[in-house]
Amino acid sequence: MIKLILTDLDETLLHTDKTISTYTEEVLKQCQKKGILIGFCTSRGKPNINEYITQVNPDIIICNGGACIYYKDELLHSATFTFDQTKKIIQTAYKLCGEDCEITLDTIDKIYWNKLHDKSTQYSDFAIYDTFKDFEKFTECAMKICVQTENKEIAKQIAESIDSCDYLPFSDIPWYKFSSATATKEHSIKILSEKLNIKIEEIVAFGDDFNDIEMLKLCGTGVAMQNAIPQVKEIADVITKTNNDDGVAKYIEENILNNTSGQGTLCSRP
């Protein structure tokens, strides 16, 4: 029996234009009416998903790549770098990537970006970012730090500048994400499972990118989008349609709402 549905946002629940269709919204509400919990599980910070929270009203929010867990608006868990760790990552990033390296940094309630005039990445909503020109002077503890580099060896060196740092690339932009080793989607799901007394096998998860791989492997059913990167499709239990074809909602409707067994038949593994 499925008790919890967790879905990534970008290129998974969201269309490429960063919207959630009325059809998907309705399917998710049907799940909630049947007592199935709905959760977002995203690398975005909470300030960056407020419009989707308002639209869907999810029961659970796992954000900042797993650094924060909210249940019914209550903060259940958070994991941050220490001040010294935050400082060390920033210093190492500037040293290895240059003083003009772009960095974004998430705290629990804000997202900062040392924006340059020629931005390397076109984010969907610049309004949610607070400009912070010189992170060398930053005085808070970060939950997540993203650095403009696609060099795997440089990313490895940045991560190894402190203890217990998790790092992953983004598939669609030349950046790497850095967070505490315990601030991952899969680790947060384990915490959530224990706190809410929901078995891992009673969870269905949807994703498309590198940081969804362990989440999909962990949960009872891991569903990859048709538009997912090959590494995600390879480990998924099933593959649904693309994000632009409402793959999350179509899988849920056919395999959970209309299928008492809860077994996926919409698409099979390649």
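**A walk from strand β9 to the cores**

Let's start where Ile 145 stands opposite Phe 178 in β11. Strands here, like helices, are DSSP runs numbered from the N terminus (E, at least two residues, for strands; H or I, at least four, for helices). This is a predicted model, in which local features need pLDDT of at least 70 and side-chain atom pairs count only at pLDDT 80 or more, while totals for chains, interfaces and linings use all residues. Residues are numbered from 1 along each chain as its sequence is written, and side-chain values use heavy atoms, with hydrogens and water left out.

Five bridges join β9 to strand β11 (residues 175-180), and the two run antiparallel; strands pair if DSSP finds at least two bridges between them. Strand β6 (residues 103-106) is also antiparallel to β9, through four bridges, with Leu 105 partnered by Ile 145. Four of the five residues of β9 (residues 144-148) are buried, so this strand is largely enclosed by the rest of the structure. Buried means under 20% relative accessible area, with a 1.4 Å probe and protein chains only.

Now to the largest nonpolar core, which has 58 residues; Phe 40, Phe 206 and Ile 256 are among those touching the most other members. Such a core is a set of buried Ala, Val, Leu, Ile, Met, Phe, Trp, Tyr and Cys residues joined through side-chain atoms within 4.5 Å. Helix α9 (residues 247-257) gives this core its largest share, six residues. A second, separate core of 22 residues includes Phe 135 and Cys 165.

Technical notes:
Buried < 20%, exposed > 50% of the residue type's maximum accessible area, 1.4 Å probe, protein only.
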